[in-house]
Amino acid sequence: MEYRLVTLLLMRLKNIDAWSDELPQGIVEERLLSVRSLFEAEVAKRHGVIQADPLGRYPESYLASFPGPSDAIAAAAAVMKLFVDGSPGLPAGCVQAGCAINSGEVAERNGQLIGRPLEVVSRLEYRAENRQILFTESVLLSVGDLPLPYDALLRKIGAETGPEMRAFSLNWQGGNDGES
């Protein structure tokens, strides 16, 4: 099996249950289509590829791969900014979402990516709060001194066992500025 280095971006909507409880099904479907369209557009602008989710996540999860971490961070920040500011079909602030970014070697089997980086990005995304972009130390080391989008702030949020789960949070004006 051939492995390649990629950066993975996983985004999940946090308030889909509230939408389902409060809104007619047609509006929920329209919002999900709007979110997917925004995500796909930002991923495409930055040379990313939408991926099938091999972890069997929910319809409100979106996975993409990028050749490098800078493009993944820029895509995540752009999508989050659109959610905060609003966009066609999505009133400002109606979408609550968290993102996670991880880099590592993955293989492809039957059109789906497989490998430890997918497990790590999934665990990290679970920790992401609304408007928060979390990423691993490998992503931080790959990015180096590149400028962060939207005057974002970088914050270390703690460590779990092993360096691959040392997490950092990217927050920007209007984003979640609390630690998790």
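**A walk through the predicted model**

Let's start with the order of elements. Along the sequence, the protein chain runs β-α-α-β-β-α-β-β-α-β-α-β-β. That comes to five helices and eight strands. Both are DSSP runs numbered from the N terminus: helices are H or I with at least four residues, strands are E with at least two.

Some ground rules. This is a predicted model, where local features need pLDDT of at least 70 and side-chain atom pairs count only at pLDDT 80 or more, while totals for chains, interfaces and linings use all residues. Residues are numbered from 1 along each chain as its sequence is written, and side-chain values use heavy atoms, with hydrogens and water left out.

Now, confidence. pLDDT is the predictor's confidence in each residue, from 0 to 100. The chain's mean pLDDT is 80, and 78% of its residues reach 70 or more. Over residues 174-180, pLDDT stays under 50. Where pLDDT is low, the predicted coordinates should not be read in detail.

Next, the chain overall. Of its 180 residues, 46% are buried. Buried means under 20% relative accessible area, exposed over 50%, partly exposed in between, with a 1.4 Å probe and protein chains only. A contact means heavy atoms within 4.5 Å. Among contacts with a separation of 6 or more, 70% join residues 24 or more positions apart.

On to helix 2, residues 25-45. Its 21 residues should span 30 Å at 1.5 Å a residue, and its end C-alpha atoms are 30 Å apart, which agrees. The expected span is 1.5 Å times one less than the number of residues.

Which residues of helix 2 are buried? They are V28, R31, S34, V35, L38, F39, E42 and V43. They cover an arc of only 160 degrees around the axis, so they sit on the same side of helix 2. That arc is taken from the directions from the helix axis to the C-beta atoms. In general, an α-helix has 3.6 residues a turn, so residues three or four places apart point the same way. The face turned away from the buried side carries the exposed E30, L33, A44 and K45.

What covers the buried side? The cover includes strand 1 (3-13), helix 1 (16-22), strand 2 (49-51), strand 3 and helix 3 (69-85). After helix 2 comes H47, with a positive phi near 65 degrees.

Now the rings. The whole structure has one aromatic pair. F39 and Y62 form it, 5.6 Å centre to centre, with 40 degrees between the planes, so it counts as tilted. The rule: rings of Phe, Tyr and Trp (its six-membered ring) pair if their centres lie within 6.5 Å; planes under 30 degrees apart are stacked, over 60 edge-to-face, the rest tilted. F39 is in helix 2 and Y62 in strand 3, 23 residues apart. Both are buried.

Last stop, A52. Where is A52? A52 is in the loop between strand 2 and strand 3. At 38% relative accessibility, A52 counts as partly exposed. Beyond its neighbours within four places in sequence, A52 contacts L63 and Q112. A52 and G111 are 59 residues apart in sequence, yet 7.9 Å apart in space, C-alpha to C-alpha.
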